[in-house]
Amino acid sequence: MRVTADLQGVYVDPDYRGRGIGQRLIAHVVDEATARGAERVVVHSSDRAVPLYERAGFTSSRTLLHL
């Protein structure tokens, strides 16, 4: 069985952006998912947030399909 974690999204209040909070939240989620056996973590991001997730190591995939 392949375990996949689904990160629903990270939101940081605009007054607190640019302080690394989003990066730390994502890192914590990825670490926790890995510790629980997830082989990969998937996020469905808005276009605006894609750079945040890419800086955290996520890559875009045009092959991810869902119902």
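This is a predicted model: local features need pLDDT of at least 70, side-chain atom pairs count only at pLDDT 80 or more; totals for chains, interfaces and linings use all residues.

Tutor: **The opening strand and its surroundings**

Residues are numbered from 1 along each chain as its sequence is written, and side-chain values use heavy atoms, with hydrogens and water left out.

The predictor's confidence in each residue, pLDDT, goes from 0 to 100; its average over the protein chain is 91, with 97% of the residues at 70 or above. Helix H1 (residues 21-35) has the highest confidence, at 96, and H2 the lowest, at a mean of 92.

Helices (H or I, at least four residues) and strands (E, at least two) are DSSP runs numbered from the N terminus. The protein chain has 2 helices and 2 strands, in the order β-α-β-α from the N terminus. Our part is strand E1 (4-7). E1 runs parallel to E2, and 4 bridges join them; DSSP must find at least two bridges for strands to pair. Within this pairing, Thr4 is opposite Arg40 in E2. Together with H1, the two strands E1 and E2 form a right-handed β-α-β unit, meaning that, with the strands pointing away from the viewer, the path from the first strand over the helix to the second runs clockwise.

Now look at the two faces of E1. In a regular strand, side chains alternate between the two faces of the sheet. In E1, Ala5 and Leu7 make up the covered face, and Thr4 and Asp6 the uncovered one.

Ala5 and Leu7 both belong to the largest nonpolar core, a group of 11 residues that also includes Ile26, Val41, Leu52 and Phe58. Such a core is a set of buried Ala, Val, Leu, Ile, Met, Phe, Trp, Tyr and Cys residues joined through side-chain atoms within 4.5 Å. E1, H1, E2 and H2 are the elements that each give two or more residues to this core. Setting aside neighbours within four places in sequence, Leu7 touches Ile26, Val29, Val41, Val42, Val43, His44, Tyr53 and Phe58. Buried means under 20% relative accessible area, exposed over 50%, and partly exposed in between (1.4 Å probe, protein chains only); 21% of the 67 residues in the protein chain count as buried.

The whole structure has 2 salt bridges, each a side-chain nitrogen of Lys or Arg within 4 Å of a carboxyl oxygen of Asp or Glu. One of them joins Arg2 to Glu39, with 3.8 Å between the closest N and O atoms. Arg2 sits in the segment before E1 and Glu39 in the loop between H1 and E2, so this pair ties together parts 37 residues apart in sequence. Both Arg2 and Glu39 are exposed. Another salt bridge links Arg36 to Glu32, the closest N and O atoms being 2.6 Å apart. Here Arg36 counts as exposed because its relative accessibility is 68%, and Glu32 is partly exposed at 34%.

For a point of reference away from the strand, take Arg48, in the loop between E2 (40-43) and H2 (50-55). Its C-alpha is 22 Å from that of Ala5, across 43 residues of sequence.

Technical notes: Contact means heavy atoms within 4.5 Å.
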